[in-house]
Every structure is written in structure tokens, then in C-alpha cells.
Amino acid sequence: MKHEAIQDYYGKTLQGSEDLQTDACCTPAEMPERVKRALANVHDEVMARYYGCGLVMPHVLEGMRVLDLGCGAGRDVYALAQMVGAAGEVVGVDMTAEQLAVARAHRDWHAERFGFANTAFHEGYIEKLGELPLEPGSFDIIVSNCVVNLATDKAAVLEGAHRLLKPGGEMYFSDVYSERRIPQALAEDPVLYGECLSGALYWNDFLRLAREAGFPDPRMVESRPLAIGNPALAEKLGPHRFLSATYRLFKLDLEPDCEDYGQAVIYKGTIPDSPHAFALDDHHEIQAGKVFPVCGNTWKMLAETRFAEHFTFIGDFSTHYGIFEGCGGNSPFNAAAPDAAASCC
Ligand SMILES: C[S@@+](CC[C@H](N)C(=O)[O-])C[C@H]1O[C@@H](n2cnc3c(N)ncnc32)[C@H](O)[C@@H]1O
């Protein structure tokens with residue numbers, strides 16, 4: 001699919017969230033209080049042009065430098081701007097002028113409301129991040145919400161993101177994935193592509209591309225099967241099933257598999273808004289105060305990142321005890337049945 005066709009879809013065809021024809025580009029209603037609080041301070045016009053498919057607001061953001069790939073009208077940029085605070089910064093990149101115009105039009109309004117100005121926007125392609133005035137190794141976190149599926153060169157996006165992250169930084173992003181590879185005929189359908197479906201990566205191809213880009217151990221945080229409510233689109237798609245998933249990809253020196261070195265961590269309960277437990281991903285819900293055995297990779301995701309001060313670490317890498325059983329790796333499509341009741345934006 002050409003960039004121009006996608007720009008037309010997001011700049012001209014869609015005027016607001018209600019113009020979407022499926023629930024691919026929308027986010028379930030339940031969200032944490034801290035996210036609700038931040039969204040309550042985002043301008044109505046920005047909110048009305050939200051087309052994301054997940055929540056891209058990880059914990060521990062104070063003072064962080066964040067990049068949003070395909071920021072659209074800026075909903076997540078302005079929510080994250082409050083979470084990083086005056087000492088942090090959030091930069092948005094998008095290729096569609098109409099989307100960026102809305103984001104930029106409300107920059108001063110948000111700065112006044114927050115009491116600080118900490119956002120910037122660049123027009124450009126996320127496949128060509130090297131052409132933008134962004135310093136390699138300068139971002140703590142890169143987010144993206146329902147955009148990578150639209151990219152014409154997904155490997156280039158992941159490689160560019162890896163280059164821009166600091167060591168120990170992470171790409172934390174929501175996107176649409178397919179259960180199997182999409183045939184070319186469907187990928188050429190402008191509505192199916194624009195609705196974030198037929199450009200979606202087969203989940204296992206995504207895992208391979210992520211590893212090749214330098215993210216050895218992708219971790220899924222949450223997922224939601226997509227319901228295709230429009231009968232004409234459902235018929236075109238036939239057996240193809242999709243889910244929206246949020247992954248975190250750490251820029252760390254990790255092993256390809258989860259290995260057991262007899263290590264454990266204890267969560268101190270100090271992450272803001274998470275006094276009882278911290279969920280690193282969909283299979284690591286770490287209770288405060290309890291010894292929690294971890295593989296070497298999980299250890300590094302906690303010890304060599306912004307999370308380190310919130311944990312006590314037990315053990316080291318001196319003795320290997322074999323593979324660490326049960327550390328993810330299955331098809332995300334086995335996890336849940338389609339949720340026909342998924343609510344929209
Ligand atoms: C589904 S919308 C999501 C927008 C925003 N993240 C949100 O949650 O509202 C996809 C956005 O990605 C942008 N986009 C798609 N492909 C892109 C690319 N290759 N480079 C830059 N932006 C792109 C589109 O212009 C559009 O604003």
C-alpha cells in the first residue's frame with residue numbers, strides 16, 4: 001500500500017473516531033485511573049480524532065523522553081506529556097499533515113493547562129526515522145498506537161526505533177496482528193488496510209522481525225481479539241482473525257530464550273499507582289513483598305532499566321540451572337475467544 005493512500009484515509013476519509021468501520025482502531029473502555037485522569041486533560045478535538053487500538057502508557061514515566069510513532073492528532077502525546085512531567089519530553093511523528101495540524105493547533109492549550117510545555121511534533125515517515133532531527137540513543141521509551149501495521153517497511157520501523165532508544169530503554173506499543181499471513185489481494189484493499197487490518201503482521205513474523213531488529217525477547221503485555229462488526233468487511237476477510245496486542249521490547253543484551261540462573265526479585269511496592277503488584281507482562285504479575293523467581297532476561301528487564309530502584313534482586317548469573325519453564329512463547333490467538341462485546345473508543 002502506498003503512503004499516499006494511507007494519508008488520504010487518515011487525512012480526508014476519516015474525520016473522527018466514529019467514521020471507523022471496525023473496532024480495530026479503538027480501545028476497550030476499562031482503563032486505569034491514572035490514564036483516565038490524564039485523558040480528562042486532553043482537548044476534545046484531539047480526543048475526537050483518536051484512532052489507537054490499545055493503551056501505550058507504561059509505568060514509571062516521570063522525567064522520561066518519549067517518542068510516539070504515528071502520533072496522529074496527539075491524544076497519547078498529550079496524555080504522556082502529563083505523565084513525564086515538566087522534566088520530561090514527548091515527541092510525536094506522523095506523515096499525515098491533517099492529523100499533525102490538529103495536534104499542533106492545541107499545543108499551547110495543553111501547555112497552559114499542564115503549566116509546562118514539553119511536546120514537539122515532526123512530519124515524517126516512521127520507516128525513515130533517520131531523516132528526522134532525532135538523536136540516536138536519546139529516547140527512554142518509544143510508543144506507538146495502531147500504526148506499525150500501516151507501515152510499508154515494518155523491519156525499518158523496528159530497526160529505526162532500536163537506534164533511537166537509550167540502552168535499557170523500551171519500545172512499548174499497541175498494534176494489530178493476524179493469526180496467519182495476509183494474502184496480497186487483501187493487503188491491496190484500501191479500506192481493509194486503512195482500518196488497520198490487512199497490513200497487520202502475522203504474529204510470529206513480528207516476533208522474528210523484532211528479534212532481528214535487536215529486541216531478543218519481545219514481551220506481550222495484553223491482547224484483545226478483534227470483532228469485525230461490518231458484514232461486508234468480514235466476508236472479504238473470510239477466515240482471517242486479528243487481535244490487538246501491546247508488546248514491550250527492551251533494548252538490552254538478552255538471550256534468545258528464558259534461562260534459569262536461580263534468580264529472584266522482590267517488588268518493593270513503590271511504583272506510583274501500583275502499591276500491591278507490578279505487571280511486567282501478561283505472565284509476570286509480581287506481588288509486592290513476595291520473593292518472585294525470574295529468568296535471566298526478566299532479571300535484566302527489571303535490573304537494567306528504570307524499574308531497578310523498585311526491586312530487590314536476589315542471585316546473579318554465576319550458575320546456570322537450564323531452561324526457565326513457562327516463560328511465554330505460545331500463539332497469542334490461543335489465549336482467548338473473540339470478544340464480540342469489545343467497546344469502541
Ligand atoms: C490508526 S492511526 C493512529 C493514530 C494515533 N496513534 C492515535 O492513536 O490516534 C494511524 C496514524 O499513523 C500515521 N501513519 C501511518 N503510516 C505512517 C508512516 N509510515 N509514517 C508516519 N506516520 C504514519 C497515520 O497518518 C495516522 O495518523
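What follows goes from the overall fold to the site of the ligand.

The model is predicted. Its chain contains 12 helices and 13 strands. The radius of gyration of the chain is 20 Å, close to the 20 Å that the globule rule gives for 345 residues, so the chain is as compact as a globular protein of that length. Taken along the principal axes, the box that the C-alpha atoms fill is roughly 60 × 50 × 40 Å.

Now turn to the ligand. Where does the ligand sit? The ligand is found in the largest cavity. Around the ligand there are 24 residues, and the closest are Tyr51, Gly70, Asp94, Thr96 and Glu127. By type, this shell divides into 12 nonpolar residues, eight polar ones and four charged ones.

Some contacts can be followed atom by atom. Asp94, one of the closest residues, has a polar side-chain atom 2.6 Å from an oxygen atom of the ligand. Met95 takes part through its backbone: a polar backbone atom of Met95 is 3.2 Å from a nitrogen atom of the ligand. The backbone is also involved at Asn145, where an N or O atom lies 3.1 Å from a nitrogen atom of the ligand. How much of the ligand's accessible area does the protein cover? On its own the ligand has 590 Å² of accessible area, and the protein covers 100% of that area.

Notes: Residues numbered from 1 in each chain as written. Predicted model: local features only at pLDDT ≥ 70, side-chain atom pairs only at ≥ 80, totals over all residues. Heavy atoms only, no water. Near = heavy atom within 4 Å. Polar contact = N/O pair within 3.5 Å; in protein donor to acceptor, adjacent residues only side chain to side chain. Areas by Shrake-Rupley, 256 points an atom, 1.4 Å probe, with all protein chains shown as cover. 1 Å grid on protein atoms, 1.4 Å probe; cavity = no way out; pocket = protein on both sides within 12 Å on 5 of 7 lines; lining within 4 Å. Sits in = over half its atoms within 2 Å of the grid points. Nonpolar A, V, L, I, M, F, W, Y, C, P; charged D, E, K, R; others polar. Helix = DSSP H or I, 4+ residues; strand = E, 2+ residues; numbered from the N terminus. Rg over C-alpha atoms; globule rule 2.2 N^0.38 Å.
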